[in-house]
Amino acid sequence: MSKQFDVVVIGGGPGGYIAAIRAAQLGFNVACIDEWKNAKGGPALGGTCTNIGCIPSKALLQSSEHYEHAGHAFADHGIKIEGLGLDVAKMLARKDNVVKQNNDGIVYLFKKNKVAFFHGRGSFVKASDAGYEIKVSGEAEETITGKQIIVATGSNARALPGTPFDEENILSNDGALRIGAVPKKLALIGSGVIGLEMGSVWRRLGAEVTVLEALPTFLGAVDEQIAKEALKAFTKQKLKIELGVKVGEIKSGKKGVSIAYTDAKGGAQSLEVDKLIVSIGRVPNTIGLGAEAVDLKLDERGAIVVDEECRTSLPNVWAIGDVVRGPMLAHKAEEEGVAVAERIAGQHGHVNFNTIPWVIYTSPEIAWVGQTEQQLKASGRAYKAGTFPFLANGRARALGDTTGMVKFLADAATDEILGVHMVGPMVSELISEAVVAMEFKASAEDIARICHAHPSLSEATKEAALAVDKRTLNF
Ligand code: FAD
Ligand code: NAI
């Protein structure tokens with residue numbers, strides 16, 4: 001007889017492994033199946049996020065930022081460096097080690113929480129009286145049964161039609177994180193989150209970087225004022241961003257890649273580079289899941305169809321994270337994982353989509369939560385805005401990084417915070433205060449009246465909240 005579980009989670013990324021842990025905490029007998037392999041063929045839990053996403057990209061962003069500071073910023077602090085050098089192999093090895101620490105951490109967490117781990121691909125076989133039979137195809141093959149199934153199979157990089165990734169010259173986010181030597185010239189297609197983060201890494205390390213973006217607007221989902229400020233900063237750093245382009249033929253050969261494109265004015269252009277990173281979004285992943293075997297409904301994008309509580313078209317089958325609708329973010333996947341485990345336990349798990357923060361880990365960092373000014377205008381909501389520049393913040397001056405601002409948007413009548421937008425140093429950390437405030441339905445005045453440590457970057461948050469009422473103290 002096959003092994004029986006209360007809950008079987010397919011996929012061990014941030015959605016899946018967190019769902020498995022929460023379900024185990026709630027007293028269920030839980031299995032998690034994940035197929036990711038490390039370089040030695042062993043398991044590598046954590047999914048895209050840990051292996052080729054959030055974690056390794058942040059490791060390289062940190063290393064490359066240190067290098068840039070050592071080369072350019074330290075002199076201002078009176079620190080002289082001679083013979084500054086770069087060891088890309090060591091930088092990549094450090095990144096791989098950070099990834100491994102995270103992989104191993106999840107193995108430990110599974111043991112601690114008594115989650116049974118199966119290394120291999122999980123696919124639906126059929127519904128049975130005991131729930132659903134799931135075949136695990138790994139080194140060995142076996143079938144396990146779950147009363148409840150949580151699908152968390154994530155997403156894959158989208159390739160340009162007719163231009164598959166070879167991970168040598170034409171790179172997805174995977175290859176982009178392991179380029180062995182700094183390319184002289186690098187192009188990225190797509191100036192979204194990956195384009196800006198990976199473009200920043202390789203620019204800081206010395207590559208001449210061009211980003212080609214189809215849309216005429218830079219970071220269309222970001223508050224316009226913030227996006228404008230960010231674009232100004234990136235341009236100053238010589239990260240070349242061309243908007244409104246139409247990419248044509250791409251040829252890859254021994255000497256590198258040539259990209260034909262039409263610029264915003266309709267002019268024919270071509271770009272010769274050593275490497276090309278394609279970062280034009282991601283597609284939900286249901287490859288090999290056997291969705292058809294049980295008639296699990298997918299939409300036209302290939303995402304698993306779910307309701308607002310992550311219920312699929314099948315009873316007792318749930319789906320979470322990148323494989324369903326909504327933003328493709330690790331913390332969104334995690335929140336859905338916790339909520340689904342709690343719903344299975346008869347509790348009232350909840351994910352508030354209005355307060356999911358976004359962060360782009362460039363320099364300056366960009367972070368936001370809630371509605372943008374353009375969204376508020378489009379919806380006709382009466383609002384008040386307040387901004388405060390880091391230029392007027394003592395801690396930012398001491399750090400030597402005064403780029404950017406904090407911006408609050410609050411309801412004109414009630415003063416409830418509707419959105420907070422930031423561009424500047426360490427705003428990835430500052431945004432949490434805004435998320436907490438919005439979860440508690442705080443007003444801008446609530447933040448303005450709270451004591452913030454001095455000197456700290458968080459004072460810019462307080463001052464921007466004061467600015468909503470036109471009473472900044474330091475600007
Ligand atoms: P995934 O992390 O994709 O995990 C899915 C897992 O399921 C994988 O391990 C896969 O091997 C496994 N799997 C798939 N099918 C099967 C099957 N049939 N059987 C067994 N196993 C299977 N988000 C952020 O919030 N912050 C960031 O800073 C950030 N940076 C990113 C940087 C990059 C370069 C990329 C590409 C993404 C980044 N993201 C970031 C997005 C984030 O990685 C994803 O939103 C997140 O990983 C989604 O989690 P998930 O659990 O849904 O899927
Ligand atoms: P993205 O959706 O952020 O950006 C894709 C960009 O490519 C868009 O600006 C789009 O207009 C452009 N584009 C699409 N087709 C194009 C074409 N043919 N030619 C030129 N431009 C084109 O997608 P990206 O950067 O690939 O990242 C995928 C997802 O991964 C993100 O949306 C995000 O959810 C997640 N991610 C999150 C990070 C974070 O939270 N810090 C970091 C990296 C990724």
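Just after helix H9, Gly 346 takes a positive phi of about 85°; helices (H or I, at least four residues) and strands (E, at least two) are DSSP runs, numbered from the N terminus. This is a predicted model, in which local features need pLDDT of at least 70 and side-chain atom pairs count only at pLDDT 80 or more, while totals for chains, interfaces and linings use all residues. Residues are numbered from 1 along each chain as its sequence is written, chains are lettered from A and ligands numbered from 1 in the order in which they are written, and side-chain values use heavy atoms, with hydrogens and water left out.

**Helix H9**

- Helix H9 covers residues 330-344, and its end C-alpha atoms are 21 Å apart, in agreement with the 21 Å that its 15 residues should span at 1.5 Å a residue; the expected span is 1.5 Å times one less than the number of residues.
- H9 is mostly covered, with 11 of its 15 residues buried; buried means under 20% relative accessible area, exposed over 50%, and partly exposed in between (1.4 Å probe, protein chains only).
- The buried residues of H9 include Ala 330, Lys 332, Glu 336, Arg 343 and Ile 344.
- Strand S1 (3-10), H1, H2, H3, strand S6 (141-151) and strand S17 (317-319) are the elements against which the buried residues of H9 pack; contact means heavy atoms within 4.5 Å.

**Ligand 1**

- There are 38 residues around ligand 1, and Asp 34, Thr 48, Lys 58, Gly 122 and Asp 322 come nearest; a residue is near a molecule or strand if one of its heavy atoms lies within 4 Å of it.
- H1, S2, H2, H3, strand S4 (121-128) and H9 each supply at least two residues of the shell around ligand 1, and H2 gives the most, with four residues.
- By class, the shell around ligand 1 has 14 nonpolar, 18 polar and six charged residues; Ala, Val, Leu, Ile, Met, Phe, Trp, Tyr, Cys and Pro count as nonpolar, Asp, Glu, Lys and Arg as charged, and the others, Gly among them, as polar.
- In the side chain of Lys 58, an N or O atom is 2.7 Å from an oxygen atom of ligand 1.
- An oxygen atom of ligand 1 lies 2.8 Å from a polar side-chain atom of Asp 322, and an N or O atom in the side chain of His 331 is 3.2 Å from an oxygen atom of ligand 1.
- Taken alone, ligand 1 exposes 1000 Å², of which the protein buries 94%; accessible areas come from the Shrake-Rupley method with a 1.4 Å probe, and for residues only the protein chains shown count as cover.

**Ligand 2**

- Ligand 2 has 22 residues around it, and Ile 194, Glu 213, Gly 281, Met 328 and Val 359 come nearest.
- Helix H6 (193-204) and strand S18 (358-360) each supply at least two residues of the shell around ligand 2, and the largest share, four residues, comes from H6.
- The shell around ligand 2 has 13 nonpolar, five polar and four charged residues.
- An oxygen atom of ligand 2 lies 2.6 Å from a polar side-chain atom of Glu 213, and a polar backbone atom of Gly 281 is 2.8 Å from an oxygen atom of ligand 2.
- Ligand 2 exposes 830 Å² when taken alone, and the protein buries 75% of that.

**Helix H4**

- Helix H4 (residues 88-113) has 26 residues and reaches 38 Å from its first C-alpha to its last, close to the 38 Å expected at 1.5 Å a residue.
- Among the buried residues of H4 are Val 88, Met 91, Lys 95, Phe 110 and Asn 113.
- The buried residues of H4 pack against several elements, including helix H1 (14-25), strand S2 (30-34), helix H2 (47-52), helix H3 (54-73) and H6.

**Two buried loop residues**

- Leu 205 is found in the loop between H6 and strand S10 (208-212), and counts as buried at 5% relative accessibility.
- Leaving aside its neighbours within four places in sequence, Leu 205 is in contact with Ser 64, Tyr 67, Leu 86, Met 91 and Val 182.
- His 452 lies in the loop between helix H13 (444-448) and helix H14 (458-468), and is buried, with a relative accessible area of 12%.
- The side chains of His 452 and Glu 433 are joined by a polar contact of 2.6 Å; a polar contact is a pair of N or O atoms within 3.5 Å, where within protein one must be able to donate a hydrogen and the other to accept it, and residues adjacent in sequence count only if both atoms are side-chain atoms.
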